[in-house]
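Colleague: I have not seen this one before. Can you put it up and walk me through it?

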Amino acid sequence: MTWVFDPPALPYLPVQGSDARFPLRRIFCVGRNYAEHARELGNDPDREPPFFFTKPADSVVLSGATIPYPTATANLHHEAELVVALAGGGSDVAPEAASALIFGYAAGNDLTRRDLQAAAKEMRRPWDMAKGFDRSAVCGPLRRGPLADGAIRGLVNGALRQQARLSDMIWPVADVIAHLSRLVRLAPGDLIFTGTPAGVGPLQPGDVCRVEIDGLSPAEITIAAATR
Ligand code: MN
């Protein structure tokens, strides 16, 4: 057997404090998991079960990268998020069993083409091109082990734009895993972006966008000019 062409490199996240790499399988994201953010985009946070969208695994961007302003948008937004990395998997996972699947956590930024997302909502079309574009899944290094409640912050050029507690999530991590595992079979290598607090906003070329979560390494990117 030969491959038709060389298989692409496996996307990965670095593991803090070691030279180990966490290989990525799938990237799932939760919509509207903080009440104030749901309201700022005109949604009712109270009555909805969690819903999900995805990004390709190879859309991952490691902290420290400089990325070009994406094509096909005039309104790129930051979304500071806690990222959960799974070292186990399964279907129909009970919330009480979810923590046993978790490898660790990272700070992340769910970059969003907000203008394309608004158009998709308006026209009842899918969000893929608003959410799953190239270099849209920014992730800091993974920290192994459990994570205590703490603050999550999104900063642009040092100015605080987003701030909340992880415990402000409508659906805690265990419930997110339980819900998601009813829709798809989860497996080692899966990441889950767990939703963003209020304060999302635009990024411009030249901006430095940093996501901080207490107890984790930050996820920081610089936006460069569009390449075309
Ligand atoms: Mn998000």
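Modeller: Start at the hairpin of S13 and S14: two residues lie between the strands, and asparagine 157 takes a positive phi near 50° there. Keep in mind that this is a predicted model.

Colleague: How many bridges join S13 to S14, and which way do they run?

Modeller: Six bridges join S13 to strand S14 (residues 159-165), and the two run antiparallel. Within that pairing, glycine 154 stands opposite glutamine 162 in S14.

Colleague: What about S13 and S17, how do they pair?

Modeller: S13 and S17 pair in the antiparallel sense, over five bridges. One point to look at is leucine 155, whose bridge partner in S17 is arginine 210.

Colleague: Why is S13 described as largely enclosed?

Modeller: Six of the six residues of S13 are buried, so the strand is largely enclosed by the rest of the structure.

Colleague: What does S18 pair with?

Modeller: S17 is joined to S18 by four bridges, and these strands run antiparallel. In S18, isoleucine 221 has cysteine 209 opposite. S18 also pairs with strand S6 (residues 66-68), in the parallel sense and over three bridges. There, isoleucine 67 has isoleucine 223 of S18 as its bridge partner.

Colleague: How many residues are between S17 and S18 in their hairpin?

Modeller: Five residues lie between S17 and S18, and glycine 215 in the turn has a positive phi of about 90°.

Colleague: Switching to the inside. How many residues are in the largest nonpolar core?

Modeller: The largest nonpolar core has 41 residues, and Leu82, Ile177 and Ile192 have the most contacts inside it. Elements that give two or more residues to this core include strand S8 (80-86), strand S9 (102-110), helix H4 (173-183) and strand S17 (208-213). Another core, of 20 residues, lies apart from it, with Phe22, Ala57, Ala120 and Cys139 among them.

Colleague: What is leucine 82 in contact with?

Modeller: Leaving aside neighbours within four places in sequence, leucine 82 is in contact with residues including Tyr105, Leu147, Ile152, Met169, Val173, Phe193 and Ile213.

Colleague: Which residues of H4 are buried?

Modeller: Val173, Val176, Ile177, Ala178, His179, Leu180 and Ser181 are buried in H4. The buried residues of that helix pack against S3, strand S4 (51-55), S8, S9 and strand S15 (191-193).

Colleague: And H2, which residues are buried there?

Modeller: In helix H2 (residues 114-123) the buried residues are Arg114, Gln117 and Ala120. They cover an arc of only 120° around the axis, which puts them on the same side of H2. Their cover includes strand S7 (76-78), strand S10 (112-113) and helix H3 (128-131). Just after H2, arginine 124 takes a positive phi of about 55°.

Colleague: What is the strand order in the open sheet of three strands?

Modeller: The order is S10-S7-S16, with antiparallel pairing. S10 and strand S16 (201-202) stand at the edges with a single partner strand each, so one side of each is left without a neighbour in the sheet. Two bridges join S7 to S16, and histidine 77 has proline 202 in S16 as its bridge partner.

Colleague: What are the protein donors of the manganese ion?

Modeller: Glu79 (OE), Glu81 (OE) and Asp110 (OD) are the protein donors of the manganese ion, lying 2.0 to 2.1 Å from it. Along the chain the donors follow the spacing E-x1-E-x28-D. Glutamate 79 and glutamate 81 are both buried.

Colleague: Is aspartate 19 buried or exposed?

Modeller: Aspartate 19 counts as exposed, at 77% relative accessibility. Its place is in the loop between strand S1 (12-14) and strand S2 (21-23).

Colleague: Last, the whole chain. How many helices and strands?

Modeller: The protein chain has four helices and 18 strands. Its radius of gyration is 17 Å, close to the 17 Å that the globule rule gives for 228 residues, so the chain is as compact as a globular protein of that length. Of the 228 residues, 50% count as buried.

Terms used. Residues are numbered from 1 along each chain as its sequence is written. This is a predicted model: local features need pLDDT of at least 70, side-chain atom pairs count only at pLDDT 80 or more; totals for chains, interfaces and linings use all residues. Side-chain values use heavy atoms; hydrogens and water are left out. A nonpolar core is a set of buried Ala, Val, Leu, Ile, Met, Phe, Trp, Tyr and Cys residues joined through side-chain atoms within 4.5 Å. Buried means under 20% relative accessible area, exposed over 50%, partly exposed in between (1.4 Å probe, protein chains only). Contact means heavy atoms within 4.5 Å. Donors are N, O and S atoms within 2.8 Å of the metal (3.2 Å for Na, K and Ca); water is not among the atoms, so sites may look incomplete. Two strands pair if DSSP finds at least two bridges between them. The arc is that of the directions from the helix axis to the C-beta atoms. The radius of gyration is taken over C-alpha atoms; the globule rule is 2.2 Å times the number of residues to the power 0.38.
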